[in-house]
Amino acid sequence: MSNCAVVGINWGDEGKGRMVDLLTQQFDIVVRYQGGGNAGHTVINEKGKFALHLLPSGIFRDGVVNVLGNGVALDPESLMNEIDNVAEKGVSVTPANLKISDRASILMPWHKKLDELEELRLADKKYGSTKQGIAPFYSDKFQKKTILAGELFDEEKLFAHAKEILEWKDLIISGVYGAETYTFEDIAAWLKTYGERIKPYICDTTEFFEQAMKEGKSILFEAQLGTLRDIDFGIYPYTTSSNTLAAYAPIGSGIPFAKIANVIGVVKAYSTCVGEGPFVCEMFGKEADDLREAGFEYGAKTGRPRRVGPVDIVATRYGVKMQGATEIALTKLDILSYMDKIPVCVRYLVDGKETDSFPFPSKLADAKPVIDYFPGWQCDISRVRKWEDLPWKARAYVEFIERSIGCRIKYVSVGAERDSIIVREDDEQ
Ligand code: GDP
């Protein structure tokens, strides 16, 4: 099996975890290459229902090695809680099935604190941070003021480095925000507690990958969030602080020399968006409430109600292009079964003109959706496993999206469970 990336095409929460869980049976290694504990992947399988934040979704498959690459925000405290949670349900996480890059930077307690303090300061101008410390973490990484996981192995140097960064952090925490600072003892104790727990998993993952590639092992790159949250090409500044695009996957994984043959873009059959920022196709009122309830659209990490809308062709086509998607997985088609007519955002209206192009971020606030309607199928499709068994109205809806975004929809998901999937053969129209 060639290397493959599973990425979000839109605003995140498209159902990537569900797709990775399904596809891991074909791969030897699953690697997370960006982001941290700020978003959640929900996976339902024979072991139970899990909300994963940092752990790769391959953790449930025997024989799959999971890697946290250098590009992730490594929060050892949250990671350990997550490992304990899955262990309670019988999923064992050991240095054999989880490897952490020695070049991953550690997300420290001050990152979370600074995230909270800044959201408080911004008040009604806030970006809608999940307060997991992600923005302060990546800012520090680019200021070269983070501790690398590999530093945990030399306590003397580690503590000297931590002390240096802490002095600078305390100036900001007390001077800028007037908040309570950390003592070195607090930080040293935290590093000792959580550092000791993650140490067994830390290794040179580039070396691990090199060897694995020589042995012909296949790699699945697992993204977090989606195209529109990419720091460079998303709806800046309402993005995350890392690159969510497939093109970044080899770098954030620690194998810049690897090639990705397939990029599976995950698209939900309607749109959702968490937090602040422009969301052109947004629905309101009862129409929105009904869809949110039908799809149970509440944040996996925060429980926040998600904003909802129809599938957005303009944003999705842009997402497909920027991800270099080679095939699409369309999820949650079953959720639309209650609708008698299904809205689709086919174009945007910007400055009085209709457009197919995704606008520059600051222009998005002026864009209005142009909506078309498709006839609903209004029957339960959650047990359908073959393309030809779907009602023709459902097939027409999927085919319209496929034509409009210019990418083959190979997978159609009709339920959260592993086998609730229709895999279309290449010649199936
Ligand atoms: P991710 O971050 O991209 O993995 O997205 P989420 O964790 O928000 O996953 C989407 C949610 O929808 C999860 O609760 C999944 O179990 C669920 N889900 C995924 N695919 C389907 C589907 O086809 N139908 C239904 N009903 N639920 C799905």
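Does G277 count as buried or exposed, and at what relative accessibility?

A: A word on the source comes before the answer. This is a predicted model, in which local features need pLDDT of at least 70 and side-chain atom pairs count only at pLDDT 80 or more, while totals for chains, interfaces and linings use all residues. Residues are numbered from 1 along each chain as its sequence is written, and side-chain values use heavy atoms, with hydrogens and water left out.

G277 counts as buried, because its relative accessibility is 19%, where buried means under 20% relative accessible area, exposed means over 50%, and partly exposed lies in between, with a 1.4 Å probe and protein chains only. G277 sits in the loop that runs between β12 (270–273) and α9 (285–295); helices (H or I, at least four residues) and strands (E, at least two) are DSSP runs numbered from the N terminus. If its neighbours within four places in sequence are set aside, G277 is in contact with Y238 and R307, contact meaning heavy atoms within 4.5 Å. Q26 is 251 residues from G277 along the chain, and the C-alpha atoms of the two are separated by 37 Å.

The structure holds 24 of them, each being a side-chain nitrogen of Lys or Arg within 4 Å of a carboxyl oxygen of Asp or Glu. One of them joins R408 to E402, with the closest N and O atoms 3.9 Å apart; E402, at 15% relative accessibility, counts as buried, whereas R408, at 22%, counts as partly exposed. In another, the side chains of E354 and R347 meet at 2.6 Å, N to O, and here E354 is partly exposed with a relative accessible area of 47%, while R347 is partly exposed with 29%. The side chains of K363 and D366 also meet in a salt bridge, at 3.9 Å from N to O, with K363 partly exposed at a relative accessible area of 30% and D366 partly exposed at 40%. Beyond these pairs, a network of salt bridges links D13, K268, E297, R306 and K332.
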